[in-house]
Amino acid sequence: MPSNQLSRTIRSARPALLAPLLALSLTSCAASGRLSLPDSTRTEPTPYPAIPDGDVPCPDNPARRCLSDSQNGSLLRAYDAALTAANEKLHWLADFFAASTK
């Protein structure tokens, strides 16, 4: 069988192969009831920290202002706190959905 014909045969067979799996998945969902939604505070995005205006002259262009070492350190700590908060939400959601599927 030429590869083009085989490819068309596979594409036309996909819906027939997927239909029983879809039917099984829908029947299992119907038996378990409706999944409750988590509180909206658990799913809202974690905001990025604000980047401050620079305090010191930039090395390559003294007319511009760059972040000082202390500003850079504070910004890195703020990004770390935002990432930690986002990861905590993800861990909570993973636990929530794992408990919902039991």
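Mentor: Let us begin with a term: a residue is called buried when its relative accessible area is under 20%, and exposed when that value is over 50%. The model shown here is predicted. In its protein chain of 102 residues, buried residues make up 9%.

Trainee: What pattern does the protein chain follow along the sequence?

Mentor: The protein chain has two helices and two strands. Read along the sequence, these give the pattern α-β-β-α.

Trainee: How many disulfides does the count come to?

Mentor: First, the general idea: a disulfide is a covalent bond between the sulfur atoms of two cysteines. In this structure the count is one. Cys58 and Cys66 form the disulfide, with their sulfur atoms 1.9 Å apart. The torsion about the S-S bond is about 105 degrees, so this disulfide is right-handed.

Trainee: Is Cys58 buried or exposed?

Mentor: Cys58 has a relative accessible area of 2%, so Cys58 is buried.

Trainee: Where is Ser68 placed, and which residues does Ser68 touch?

Mentor: Ser68 lies in the loop between β2 (65-66) and α2 (69-100). With a relative accessible area of 12%, Ser68 is buried. Not counting residues up to four places away in sequence, Ser68 touches Asp55 and Val56. The side chain of Ser68 also makes a polar contact of 3.2 Å with the side chain of Ser70.

Trainee: How should I read a pair of residues that are apart in sequence, such as Lys89 and Thr46?

Mentor: One compares the separation in sequence with the distance in space. Lys89 and Thr46 are 43 residues apart in sequence, and their C-alpha atoms are 8.9 Å apart. Lys89 is found in helix α2. Leaving aside neighbours within four places in sequence, Lys89 is in contact with Thr41, Arg42, Glu44, Pro45 and Thr46. For the protein chain, residues 24 or more positions apart account for 50% of the contacts with a separation of 6 or more.

Trainee: Which residues make the nonpolar surface patch?

Mentor: Tyr48, Ile51 and Tyr79 make this patch of about 380 Å². Tyr48 is in the loop between α1 (3-32) and β1 (56-57). Its relative accessible area is 71%, so Tyr48 is exposed. The accessible surface of the protein chain comes to about 8400 Å², and 62% of this belongs to carbon and sulfur atoms.

Notes: Residues numbered from 1 in each chain as written. Predicted model: local features only at pLDDT ≥ 70, side-chain atom pairs only at ≥ 80, totals over all residues. Heavy atoms only, no water. Patch = residues over 30% accessible without salt bridge, like charges linked within 9 Å, V, L, I, M, F, W, Y side chains within 5 Å. Areas by Shrake-Rupley, 256 points an atom, 1.4 Å probe, with all protein chains shown as cover. Salt bridge = Lys/Arg side-chain N within 4 Å of Asp/Glu carboxyl O. Helix = DSSP H or I, 4+ residues; strand = E, 2+ residues; numbered from the N terminus. Buried < 20%, exposed > 50% of the residue type's maximum accessible area, 1.4 Å probe, protein only. Disulfide = S-S within 2.5 Å. Polar contact = N/O pair within 3.5 Å; in protein donor to acceptor, adjacent residues only side chain to side chain. Contact = heavy atoms within 4.5 Å.
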